[in-house]
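User: I would like to learn how to read the packing, the strands and the ligand site of a model. Could you take me through them one by one?

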Amino acid sequence: MEIKAIRGFNDILPDEVGKWQFVEEVAREVFEGFGFSEIRIPILERTELFSRGIGEATDIVEKEMYTFTDKSGNSLTLRPEATASMARAYLEHQIYSFDPVAKLYCIGPMFRYERPQKGRYRQFYQIDAEVFGVGNPMVDAEVILMLIHFLKRVGLEKLELQINSLGCRDCRPLYRGELKKFLTEKSFQLCEDCQRRLHTNPLRIFDCKVETCKEAIADAPQVINFICNECQGHFNQVKGYLEAAGLGYVLNPRMVRGLDYYTRTAFEVVSYQLGSQNAVTGGGRYDNLFQEIGGLDIPGIGFAIGMERLVSLLPKDKAFVRYPHLFIAAMGEETIKEAYRIINQLHLQGIRVELDYEGKSLKSQMRRADKLKAQYVLILGREELKRGKAILRNMESKLQEEIPISDILNVVREKVKGVEQGNRDC
Ligand code: ATP
Ligand code: MG
């Protein structure tokens with residue numbers, strides 16, 4: 001029987017991969033421009049890192065982790081997100097001893113055991129950016145600004161930046177208490193999961209997709225009305241910095257984010273081009289995470305972008321595939337040998353060249369060049385070869401010219417340079 005991929009685990013095929021490479025290239029360029037450095041972290045971590053870091057009573061830890069016991073009896077988990085691992089690496093390698101402020105980013109797959117559907121998979125990719133070691137609200141605004149700048153650079157439109165403040169260790173318990181009181185009276189309306197959440201983590205009820213739960217929570221008290229003066233001051237400054245940078249935002253008092261470690265600023269960017277899974281990216285401040293995993297008081301803020309959802313939003317009219325610059329159509333043993341010599345030289349110059357290996361007719365080779373969307377075809381015929389010439393055909397304009405074989409490298413290089421400049425947007 002044919003072996004198929006696991007449900008929720010996708011192949012990204014060659015004709016799609018150009019989009020992914022484009023997004024990653026822009027992320028690297030934009031983030032590094034903002035002073036961020038890449039970090040690569042393992043895909044497998046000790047389960048404890050996530051259960052302590054993300055929080056026992058979160059959906060991720062309760063239901064979504066790929067956890068197994070290895071041959072030595074250790075409980076390990078495929079990372080469901082990158083922030084906790086990045087924080088672990090920052091502590092483990094004492095990155096803070098060089099400079100307490102670290103701006104890091106990471107790109108790679110995450111794993112969550114969720115019900116696969118459009119925009120929701122079991123292996124999915126995230127681009128993650130985090131700033132460790134600064135509590136100043138200016139950084140919150142800077143991180144959000146970088147995110148929006150990145151999303152615009154990749155060509156996304158119709159975006160909405162939503163922000164909220166979740167308070168801190170001092171003021172959130174007060175809000176939790178109020179929310180619990182409010183929802184206890186409506187507990188008969190809550191689904192089984194939310195009945196449990198009411199006792200473990202009532203804020204999670206905001207994220208429940210069940211209709212009756214949504215109704216129950218519609219008029220619930222809002223966290224923003226319960227935050228302490230310090231948190232309010234911090235939030236006001238974040239808003240001020242966003243306004244100073246000319247960034248529009250919408251206050252969303254119902255956005256609580258799925259992870260326990262968030263404090264103060266929380267944000268999401270939603271796209272109205274997506275269906276029900278409309279969050280492209282989410283992030284926020286987490287000033288308690290380092291306490292949980294390492295007992296140190298280090299503030300942090302960051303975001304994670306879902307790459308599948310981002311890629312699905314890329315402009316449709318943009319070309320992301322790298323087509324061959326040149327196709328060499330050669331006929332006869334001698335000319336194929338000559339073509340082989342030329343192709344090797346061109347490849348070493350970074351020119352994308354294709355050749356027909358089967359010695360087919362000129363007509364069928366031209367058809368293949370067309371199918372591969374080659375920009376030029378170099379026709380090497382026996383007669384031309386004798387005269388030291390070849391025919392170069394522009395596949396778009398259909399214009400042909402005869403060029404000396406000794407000049408091929410220079411001529412093709414010049415033509416390709418022109419084509420690449422015309423394609424700058426990609
Ligand atoms: P959601 O509410 O959609 O479940 P989340 O709050 O769980 O999102 P985060 O943990 O903040 O998401 O992850 C950041 C981004 O990663 C999301 O905005 C989304 O684009 C993407 N993402 C999260 N889970 C998945 C998934 N299972 N499949 C594909 N993308 C995902
Ligand atoms: Mg989720």
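Analyst: Let us begin with contact, which here means that heavy atoms lie within 4.5 Å. Please keep in mind that this is a predicted model. With that cut-off, and leaving aside its neighbours within four places in sequence, Phe31 is in contact with Phe36, Tyr105, Ile127, Ala129, Met146, Phe150, Phe303 and Ile305.

User: Which residues touch the most other members of the largest nonpolar core?

Analyst: The general idea is that in soluble globular proteins nonpolar side chains tend to be buried together. In this structure the largest nonpolar core has 98 residues, and those touching the most other members are Val23, Phe31 and Phe150. Helix α6, residues 137-153, contributes the largest share of this core, with nine residues. Apart from it lies another core, of 21 residues, including Leu355, Tyr376, Ile405 and Val416.

User: Tyr376 also belongs to strand β14. How many residues of that strand are buried?

Analyst: A residue is called buried when its relative accessible area is under 20%. Strand β14, residues 376-380, is mostly covered, since five of its five residues are buried. The side chains can then be sorted by direction: Tyr376, Leu378 and Leu380 point one way from β14, whereas Val377 and Ile379 point the other way, and all are buried.

User: Turning to ligand 1, which residues come nearest?

Analyst: One can start with the surrounding residues and then turn to individual atom pairs. There are 14 residues around ligand 1, of which Arg112, Glu114, Arg120, Tyr121 and Arg257 come nearest. A polar side-chain atom of Arg120 lies 2.9 Å from an oxygen atom of the ligand. Backbone N or O atoms also lie beside ligand oxygen atoms, at 3.0 Å for Ala279 and at 3.1 Å for Val280. The protein covers 89% of the 590 Å² of accessible area that ligand 1 has on its own.

User: Which strand supplies the largest share of the shell around ligand 1?

Analyst: That strand is β10, with three residues. Strands β6 (123-132), β10 (279-285) and β11 (300-306) each supply at least two residues of this shell.

How values were computed
Residues are numbered from 1 along each chain as its sequence is written. Chains are lettered from A and ligands numbered from 1 in the order in which they are written. This is a predicted model: local features need pLDDT of at least 70, side-chain atom pairs count only at pLDDT 80 or more; totals for chains, interfaces and linings use all residues. Side-chain values use heavy atoms; hydrogens and water are left out. A nonpolar core is a set of buried Ala, Val, Leu, Ile, Met, Phe, Trp, Tyr and Cys residues joined through side-chain atoms within 4.5 Å. Buried means under 20% relative accessible area, exposed over 50%, partly exposed in between (1.4 Å probe, protein chains only). Helices (H or I, at least four residues) and strands (E, at least two) are DSSP runs, numbered from the N terminus. A residue is near a molecule or strand if one of its heavy atoms lies within 4 Å of it. A polar contact is a pair of N or O atoms within 3.5 Å; within protein, one must be able to donate a hydrogen and the other to accept it, and residues adjacent in sequence count only if both atoms are side-chain atoms. Accessible areas come from the Shrake-Rupley method with a 1.4 Å probe; for residues, only the protein chains shown count as cover.
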